[in-house]
Amino acid sequence: MTSPSTEVPILESCIPLPLDEARLLEVVEKAKDWAIMHGAAMRSKADFNPDALQFAPFILTPSSFPRKEFEKAVALQTTLNELMHSVAHDEEFLRDTLKYTIKVDAFTGSLFEIYETVLKEGISQPCSLALLRSDYLANFLESNAIKQVEINTIASSFGGISTFMTPMHSYILKELGQMNKLVNLPENRALSGLCDAMVEAWKIQDRPKAVILFVIEDVTYNICDQRFHEFYIRETYPFVQVIRRTLTQIFNGGKLGPDGELLIDGQEVTVIYFRAGYEPGHYYGPNEWSARLLMERSKAIKCPSIQYHLAGTKKVQQALAKPGILKRFIADDHKIDTIKEIFTGLYPLDKNEEGDEAVRRALENPERYVLKPQREGGGNNVYGEDIPGALEKMNDDERSAWILMERIFPPLSKGYMVRPGGKMPPEIVNLVSELGIFGAIIGTKDNVVYNKQVGHMLRTKLSSANEGGVAAGLGALDSPYLID
């Protein structure tokens, strides 16, 4: 990803590169084995076998990231948690912001139908648990200041595996005789932080025999990331049981008890953690949608609740960037200013004067923008020269389901990307890193009882790749090496 007119700076590497080939081959083999033996691994999509794992793609040595910007992102997370909590509980704002989107985007429309149903019936469980991840790129056009790419309110992944990337990189740096560099690897407790919040929500219900439900896909490729959450909870809180079910299984085995409690195969559930349900492909038909509605109607604390899911849509992200809107949710002017600093330009594409102006901008300078739909999970955005063609194919209604975002131009770093079946020895490549900061917040509309920043992750991709999802096969796991 390069700027249209400016030479892209390259951040100083963690260690001198290139490595001697014999040493490189040796340390790559050690790193691969470390990854598999410590669970930095996934199931293969290309050659799926439920009995086998392969290491997750990774960057051999940690990638440089500006220390000041990392610390800014960490410090900001509890404020972003507050913001998203307020947004999720503002019915008028969600309704107004999504009014056009729900007409043209069937998936968001179906989610909104569930929201309206439970509003009409009366929300059974006013308390929500949110495990959020705010994603950033440094922007070299603004002295490497971080800019928010998006904030995830459902299935915010890689808290589990990312926790093991720092110890893995510590091991590799020691093997390379670079022990003095370890001081610049920030501690990462994402796994324990996310799980502790789930158990905190479980405790609020005060139902000692109730379980935590993980809602999962039919086939889970990113199995370690999910299971580590389950194993941590079972080891640290042995009295808390975790069960895993697909939406289809929840439809077949789920019902509401006499007091609105959620029963799955006879077991009471008090916390629901969604690792599926964020894209249309997870809903095969009415049964899966019925399962989602059943859970929303229940007294279980949802992560996320339906209103939190809606708050994570790109359309809401774009609306929050409008002048003056943050005052609706945050009273403190200093907090508002710190949030505004991380926003990049976000524009609606509705059929009106503002939307037409955004289309004109995109057609005049497509390389400066990204088109983003209401989708999670990666691989859905449209970039640069592909934007004019995509816009021309859309009718006026379809446009409303997308937003236009100013493209962020991150600095490059250099390193070795190690992938299963990849070329050996790996070559030095140009890389771009995206930082994710995890947050956890629990509360009702008017009373927040828990609000923490709980860890981080770094996903790194080839600079030539637009998308960077590890689960989607386009990026690699990494950890930040902080530089001044």
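**Exercise 1.** Is the crossing of α3 and α5 left-handed or right-handed? Work out how the two helices run relative to each other, too.

*Solution.* Keep in mind that this is a predicted model.
- Start with the geometry: helix α3 (residues 91-98) packs on helix α5 (residues 106-121) at about 150°, and their axes lie 12 Å apart.
- Angles over 145 degrees count as roughly antiparallel, so that's what α3 and α5 are.
- Handedness next: the crossing is left-handed.
- Who touches whom? α3 brings Glu 91, Leu 94, Arg 95 and Leu 98, while α5 brings Phe 112, Tyr 115, Glu 116 and Leu 119.
- Sorted by class, that contact has 5 nonpolar residues, 3 charged ones and no polar ones.

**Exercise 2.** Find how Phe 48 and Tyr 221 pair up, and where each one sits in the chain.

*Solution.* 
- Check the rings: their centres are 5.6 Å apart with 85° between the planes, which makes the pair edge-to-face.
- Now place them: Phe 48 is in the loop between β1 (41-42) and β2 (54-55), and Tyr 221 is in the loop between β7 (211-216) and α9 (223-236). That's 173 residues apart, so the pair links distant parts of the chain.

**Exercise 3.** Describe the ring pair of Phe 112 and Tyr 115.

*Solution.* 
- The ring centres are 5.4 Å apart and the planes stand at 75°, so this pair is edge-to-face.
- Both residues lie in helix α5, 3 residues apart, or about one turn.
- Phe 112 and Tyr 115 are both buried.

Notes
Residues numbered from 1 in each chain as written. Predicted model: local features only at pLDDT ≥ 70, side-chain atom pairs only at ≥ 80, totals over all residues. Heavy atoms only, no water. Axes fitted to C-alpha atoms, helices over the stretch in contact; angles between N-to-C directions. Helix = DSSP H or I, 4+ residues; strand = E, 2+ residues; numbered from the N terminus. Parallel < 35°, antiparallel > 145°, perpendicular 65-115°, else oblique. Left-handed = near helix turned anticlockwise from the far one by under 90°. Contact = heavy atoms within 4.5 Å. Nonpolar A, V, L, I, M, F, W, Y, C, P; charged D, E, K, R; others polar. Phe/Tyr/Trp six-rings, centres within 6.5 Å; stacked < 30°, edge-to-face > 60°. Buried < 20%, exposed > 50% of the residue type's maximum accessible area, 1.4 Å probe, protein only.
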